[in-house]
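Me: I'd like to go through this model with you and ask what stands behind each label. Could you take my questions in turn?

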Amino acid sequence: MNPTPADRIGLTLRVLGWITLVLLPVWAWTVINSPIDSVQGIMQKILYVHPPLAYGAYLGFVATAIAGALFLFKGREVHDQLAIAGAEVGTLFCTLMLITGPIWARGAWGPGNWWVWDARLTLTLLLWFVYLAYSLLRSFTEGDERAARFASVYGILGVVLIPLNYWIIDLVGGAMHPDNLQFEENDSSLGEGMGLPFLVGNLTLFFVFAYLLVLRWRVGVLRVEADAPSNAGEGELQHG
Amino acid sequence: MNVALALLWKDLATEWRSRDRVVAMTVFSFLVVVVFQFAWPRMEPEEIARLAPGVLWVTYVFAAVIGLGRTFATELENDAMTALALAPGTRGWIFLGKAAATWVLISLVQAMTAVVFALFMRVDLLTGLAGTASIVGLANVAICSIGTLLSAMSVRSRFREVLLPVLLIPTLIPVLAAAVHSTTATMGGEALTLTLLQPLIVIGGIYSILCFLLFDFVLDE
């Protein structure tokens with residue numbers, strides 16, 4: 001019996017799962033053993049969580065757009081399911097970023113600084129709104145094939161918005177991060193002993209994102225295969 | 001190209017007979033201008049002048065959302081959307097015709113709103129008028145492009161009145177930011193330079209080309 005798309009995705013999922021499982025305790029260990037920042041104290045440790053979440057937030061959108069474009073040109077359900085997975089996991093990472101960001105800002109910049117209209121913060125917030133709009137478009141559009149097609153179009157528009165928004169917000173003079181968090185030229189602002197946990201944090205959250213993305217993708221593909229058992233052959237998940 | 005011109009003419013002729021969209025957008029714009037008067041404390045003329053470009057553009061964007069919501073609504077009657085989808089040639093031309101008609105209507109409403117805005121807000125819009133008008137015209141290219149594409153999608157969805165603003169407004173943020181930035185400069189007496197127009201040219205260009213290509217996927221046969 002030929003392996004179904006869900007079987008093939010399942011193999012990738014297992015590999016990603018094992019890598020994530022190994023990285024998570026390493027990440028925790030490096031964070032616990034990293035030095036306490038002399039200015040921000042324990043609050044600074046959020047550095048090992050907050051910036052790495054950005055990978056998921058942006059990669060989710062890129063996955064949604066690429067999968068959406070593939071769906072528009074090939075019409076294969078498996079690509080649409082990847083687009084859904086990208087949007088959902090991306091929303092999760094984006095939400096976590098928007099929660100951890102203000103907590104860090106309040107701790108680092110003092111009371112009343114939960115939010116500043118900085119270019120990166122504004123961009124993330126806008127990205128979050130686009131993710132929500134994408135999900136609403138899917139739920140409000142009647143017909144699976146039409147919903148998938150419309151969502152694919154919106155996903156492509158969304159990914160174009162990322163550089164466009166960044167450029168415009170920067171151009172019209174959005175406030176920048178306060179000085180204590182800016183990177184110096186030719187030098188990292190990370191103190192001694194902070195580089196490793198930051199690197200491991202980036203790597204771990206990247207794999208967490210990839211694992212969740214593939215997991216959600218597989219669930220979607222399995223659902224489609226269960227709904228249309230006769231179409232569950234190799235690469236035959238087609239709309240219509 | 002003929003399809004685009006035919007649709008442009010059809011939409012403008014239909015609007016000329018009914019005047020539905022223009023009247024609705026104009027009344028709504030006037031209301032927004034009036035509402036702003038009650039939304040802020042008593043201010044000096046200089047402070048009002050500082051806020052004016054932002055208020056003007058928020059009014060324009062909200063009015064555009066109202067107008068764009070009706071772009072394809074009339075096509076739903078007698079299933080004209082299907083007829084449009086079955087029309088020979090590239091569907092991008094249908095998009096272009098629809099977007100061009102909306103551009104004309106929105107620009108007309110914006111011109112009328114500007115007069116009321118200048119009167120009520122006591123803002124001097126005559127300073128740098130040509131520059132401001134160019135900025136408005138360019139921003140409208142971006143607004144109408146993305147608005148027409150999203151309107152064709154939302155009109156086929158449930159809660160279309162709510163869905164269009166939710167889809168459209170996040171995509172209009174770069175247009176709004178660039179337009180307010182440039183309008184502040186021209187209303188402040190600065191000469192119109194390519195630097196001021198550049199963001200709107202880039203956004204308008206990207207949105208127009210992308211929507212022209214993607215429109216093929218939003219019409220159902």
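Me: Leaving aside its neighbours within four places in sequence, which residues is Q110(B) in contact with?

Reply: Q110(B) is in contact with Y60(B) and V136(B), once neighbours within four places in sequence are left aside. Two residues are in contact if their C-beta atoms, placed from the backbone, lie within 7 Å. A word on the ground rules: this is a predicted model, where local features need pLDDT of at least 70, side-chain atom pairs count only at pLDDT 80 or more, and totals for chains, interfaces and linings use all residues. Residues are numbered from 1 along each chain as its sequence is written, and chains are lettered from A and ligands numbered from 1 in the order in which they are written.

Me: Where is Q110(B), and what makes it buried or exposed?

Reply: Q110(B) belongs to helix α6 of chain B. Helices here are DSSP runs (H or I, at least four residues), as are strands (E, at least two), and both are numbered from the N terminus. A residue is buried if 20 or more other C-beta atoms lie within 10 Å of its own, exposed if 12 or fewer, and partly exposed in between, with C-beta atoms placed from the backbone. Q110(B) has 24 other C-beta atoms within 10 Å, so it is buried.

Me: And V109(B): what makes that residue buried or exposed, and which residues is it in contact with?

Reply: V109(B) is also in helix α6 of chain B. Its count is 25 other C-beta atoms within 10 Å, so V109(B) is buried. Leaving aside neighbours within four places in sequence, V109(B) is in contact with V22(B), M25(B), T26(B), S29(B) and A63(B).

Me: What about F159(B): buried or exposed?

Reply: F159(B) has 12 C-beta neighbours inside 10 Å, so it counts as exposed. You will find F159(B) in the loop between α7 and α8 (160-187) of chain B. F159(B) has a positive phi of about 50° although it is not a glycine.

Me: How do you know whether α7(B) and α9(B) are parallel or oblique to each other?

Reply: The axes of α7(B) and helix α9 (residues 194-214) of chain B come within 8 Å and cross at roughly 25°. Axes are lines fitted to C-alpha atoms, for helices over the stretch in contact, and angles run from 0 to 180 degrees between N-to-C directions. Angles under 35 degrees count as roughly parallel, over 145 as roughly antiparallel, 65 to 115 as roughly perpendicular and the rest as oblique. α7(B) and α9(B) are therefore roughly parallel to each other. α7(B) passes α9(B) in a left-handed crossing; left-handed is the term if the near helix is turned anticlockwise from the far one by less than a right angle, and right-handed if clockwise.

Me: What makes up the side of chain A that touches chain B?

Reply: The contact takes 25 residues from chain A and 23 residues from chain B. On the chain A side, the elements that give two or more residues are α4 (119-140) and α5 (144-171). The largest share, 14 residues, comes from α5(A). By class, this side of chain A has 20 nonpolar, 2 polar and 3 charged residues.

Me: Which residues have the most contacts inside the largest nonpolar core?

Reply: They are L149(B) and V218(B), in a core of 120 residues. A nonpolar core is a set of buried Ala, Val, Leu, Ile, Met, Phe, Trp, Tyr and Cys residues joined through C-beta atoms within 7 Å. A second, separate core of 5 residues includes W27(A), L47(A), Y48(A) and V200(A).

Key. Ala, Val, Leu, Ile, Met, Phe, Trp, Tyr, Cys and Pro count as nonpolar, Asp, Glu, Lys and Arg as charged, and the others, Gly among them, as polar.
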